[in-house]
Amino acid sequence: MSEWFEIGSIGDIPRLSARVVETNQGSIAIFRTWGDEVFALRDRCPHKAGPLSQGIVHGTRVTCPLHNLVMDLTAGKAVAPDEGCVARYPVKVENSRVFLSLECGP
Amino acid sequence: MKQKLVLVGNGMAGMRTLEELLAIAPDRYDITVFGAEPHGNYNRILLSPVLAGEKTLEDIMLNGEQWYADNGITLQKGKEVVKIDRCNRKVTASDGTAESYDRLLLATGADPIMIPVPGHDLEGVTTFRKIEDVNAMLEFSRNSRNAVVIGGGLLGLEAAYGLLRQGMYVTVVHLLDTLMERQLDSEAGTMLKRSLEESGIQFLMGAETESFTGKDRVEGVRFKGGLRIAADLVVMAVGIRPNIALAQQAGIYCERGILVNDTMQTYDPRIYAVGECVQHRNQTYGFVAPLFNQASVCANHLAELGYAKFHTTLSSAKLKVTGIDLFSAGDFIGDDTTEEVVMKDVSRGVYKKIVIKDNRIQGAILYGDAADGAWYFELLRDQTDIRDIRATLLVGQSHLGDSGHGGKNLAASMSDDKEVCGCNGVCKGDIVKAITTKGLFTLDEVRSHTKASSSCGSCTGLVEQIMAHTLGGDYSETPKLKPLCKCSDYTHDEIRQVIKVQRLTSYRAVMEYLEYRTLDGCHICRPALNYYVIAAWPGEALDDPQSRYINERVHANIQKDGTFSVIPRIWGGVTTPKELRAIAEAAEKYQVPTVKITGGQRIDLLGVKKEVLPHIWEDLNRAGMVSGFAYGKSLRTVKTCVGQEWCRFGTQDSTSMGVKLEKLTWGSWMPHKFKMAVSGCPRNCAEATVKDFGVVAVESGWELHVGGNAGVKVRPTELLCKVETEQEVVEYCCAFIQLYRENAHYLERTAPWIERVGLFYAKQQIVEDAGNRKALHDRFLDSQKYAQKDPWAERVRGEKDAHEFAPLKQLSSRHV
Ligand code: SRM
Ligand SMILES: Cc1cc2nc3c(=O)[nH]c(=O)nc-3n(C[C@H](O)[C@H](O)[C@H](O)COP(=O)(O)OP(=O)(O)OC[C@H]3O[C@@H](n4cnc5c(N)ncnc54)[C@H](O)[C@@H]3O)c2cc1C
Ligand code: SF4
Ligand code: FES
């Protein structure tokens, strides 16, 4: 069964940015949008492994800092015409606390 | 229920409108398309290469039948609409197929003109417009010998070339004495005629056709005056006429074409029209670039966004005949108010003519060397003041050094596996494939699909050449005013203006005021807007860290492996044992993998982990060192030479001058990075003449040079002026920086900026107008009050962005 880990408060992640959670599955980027939605993706761009967490967040997308691939946070897929996808992880926010599950999404 | 949209005319303009519409409003309409031709939509431009045997129908399909199915569009192919019933909002095709509409789009194109001389209906007399015409010509070319092309314009010559390639004897008949008289003057026309003759085409100039002879099939052409020549195939290419029959029948107001307003709407508000069938502000268009602009405007209104407008546009023309390099645009004849600059080199087969009025280009013809066509077209379109580049105007832009690329006809001869974009590792084959399989037309599309030319841009020219070659040498897209990005339609200048006038002090305020289409903008506009508000309202504007690129957010350069590099400021390149010791100690303490002397006279510590940054900064701060801003769109280095203090040739103290300028200007945010240098004499050891602002000392004072660049495109500086005192150097330097900060577009370095606005402008603002210079200088110093804070120290103290430098959480193996 999926186990939820508390990783901090939503206030720890400024709007339109990301923070990293280090796990033994590698770094996971936790994004927060302007509308306070939270998404978790593996912090590795499908292009050349750039750290997505360091990119500019806009809408529900992030632009990779290395070569500007645009990644859709909701789907974990690159926005066309870019191609590629990245693992998503379940996250939830309860009473301003953020919880992450390490059960890798589809 | 969805609204119903019907498109009549399955060609280039109509289909482009649907593609644009689907991209912005995919679910708004149920769409039905009627096309008289029995195919999907193909690239009509490329019929010429099909005729020449260089391409097949499959190669030139833009929207195959599968595409319609995939997008849920009903295609009624091979069905000509013959009636529009506007009362009941219904169209009917000749076979009785009917469809009702809420909105109707007419894109019926144009018909080739057939001169009704006796015999024009004989077998073997054809026009050149559709794939069927091409197939018929190919069929004839297999069984017969003599082809006659009536019309020496673009289309006629492309037909003639194709038929020649198919092995026919080709004669081109032209009524006038100059070929392509709508694009060329007689000089260029004569040169063109000579090279086509050399390739085997014959010409009959000034000849008027009287009749075509033959019983069932054409056998000859007879001219006024009695001359008769043999012909097994006659191609009529004397022009086109907007196809307005259907619209006229339905009572929609037409003149030469179907009249539309700036939103592509006809007199019936439910009915739109685009393409060659349209007349807009008394003009009709016969090239795809303006038609595609119409398409995007029309899509904008069909999607009910309601803000785009079609502007009268200029077109340029090229001839798609292999081996002929030709370009023409605008008014290339001129009148008694214009002047012309001409270059003619018969033995090289090169002719260039540029028509100028009030220092602005009105038109141009290039023959034999058209590499700079796009550049002249841009100068023409933007009406750039060219007085500063007049002397070298005809030499063109390609004479400027270009690291790694260049060579004007490179694209054609390149093999597919040859790398074009060094930044993103994109080969020619990738680009060609993307263009042909995805139906790309514009540089932007090629950029986003392949990434070619999307980074440093030095291969842009080459990519454009490949596009031209693949698309058939002619697509020249360039809307007049380029929006900053896709999130709005406003240009850089419009946005800067609004920020000033409305006193907007945050990127969000700008986005709200201008009603941006996206919620948070994108990675292109956010950094630009953030800079614009800071530059306009120093001390007042809200600097949003989340709108800055990672390097500027954490004050270090991100590396390919996600680590960072640290470059402390070394004022004017002068350091001390104490500083060197501090750098060495920091490098050892934090196990920095690489320590490198940069090209900018300082030291780079590479491979530092993000968490370590505040610590290494703290140590460097302690030794009195501050951030070198090697990551910023800001002042980078001020290179100096040893100068008068040591050098036997030095005329002034260049080192101190460099340090002084750096102390004064560091920390300032700019449209792009900004580099300076001070050399102690004209031997110029600090390379001041390739800097954004370069100072060269001479016996009698200081020469001030601006707009240089040693990067992607090497451009030497131009002399702004000479001054005598140190105080003047400082004042001019600050004024120049401020002018750049207030005027340039974000990510535009001084070199392209100066080329755009002209050195003349900078001189006027800075050299000639002392009051203005002083004001610029004061504004700069004022903004520096808020800018000169060492970002490292602020972060070492934990005052700013602490969240950047620590992971949110470590989920150690104990947890997992
Ligand atoms: C470190 C250094 C190379 C070196 O080892 O010497 C360097 C490194 C980079 N340069 Fe440079 N440039 C360095 C001197 C130069 C110079 C030489 C100079 O300044 O005298 C030039 C040509 C001069 C010029 O700018 O006109 C130069 C022209 C470029 C360009 C092309 C700029 C252009 O307008 O054409 C880029 C790309 C850009 O800025 O978009 C670039 C971009 C870069 C970036 C920032 C690429 C990137 O985005 O990651 C590199 C960062 C590496 C890093 O993390 O440190 N670098 N770069 C030099 C740092 C100097 C310093 O002390 O700050
Ligand atoms: C050989 C050739 C080379 C060219 N080269 C270039 C070039 O290099 N650069 C350039 O910019 N331009 C070039 N052009 C011009 C360019 O192809 C046209 O400007 C462009 O195709 C016009 O687009 P359109 O949609 O208005 O018309 P079209 O592409 O002609 O589409 C109109 C369509 O509507 C259909 N239609 C008409 N009436 C009806 C009806 N009543 N019912 C149903 N369907 C109907 C027609 O059959 C046709 O398929 C070239 C043209 C030709 C023929
Ligand atoms: S340091 Fe400069 S020249 Fe070297 S690879 Fe990076 S951007 Fe290119
Ligand atoms: S690594 Fe992300 S775009 Fe290249």
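Analyst: In this predicted model, Leu443(B), Val446(B) and Arg447(B) of helix α13(B) are in contact with Thr460(B), Val463(B), Glu464(B) and Met467(B) of helix α14(B). Sorted by class, the residues of this contact comprise four nonpolar, one polar and two charged. Two packed helices are described by the angle between their axes and the distance between the axes. For helix α13 of chain B, which spans residues 443-450, and helix α14 of chain B, which spans residues 460-471, the axes come within 11 Å and cross at roughly 105°. Angles of 65 to 115 degrees count as roughly perpendicular, and α13(B) and α14(B) are therefore roughly perpendicular to each other.

The spacing of the contact residues can be read against helix geometry. An α-helix has 3.6 residues a turn, so residues three or four places apart point the same way. In α13(B), the residues that meet α14(B) include Leu443(B) and Val446(B); in α14(B), Thr460(B), Val463(B) and Met467(B) are among those that meet α13(B).

Helix α12 of chain B covers residues 428-438. Within α12(B), the buried residues are Lys428(B), Gly429(B), Ile431(B), Ala434(B) and Ile435(B). Just after α12(B) comes Gly439(B), whose phi is positive, at about 65°.

In summary, the account of this part rests on the contact between α13(B) and α14(B), their crossing at roughly 105°, and the buried residues of α12(B), including Ile431(B) and Ile435(B).

Notes: Residues numbered from 1 in each chain as written. Chains lettered and ligands numbered in written order. Predicted model: local features only at pLDDT ≥ 70, side-chain atom pairs only at ≥ 80, totals over all residues. Heavy atoms only, no water. Axes fitted to C-alpha atoms, helices over the stretch in contact; angles between N-to-C directions. Helix = DSSP H or I, 4+ residues; strand = E, 2+ residues; numbered from the N terminus. Parallel < 35°, antiparallel > 145°, perpendicular 65-115°, else oblique. Contact = heavy atoms within 4.5 Å. Nonpolar A, V, L, I, M, F, W, Y, C, P; charged D, E, K, R; others polar. Buried < 20%, exposed > 50% of the residue type's maximum accessible area, 1.4 Å probe, protein only.
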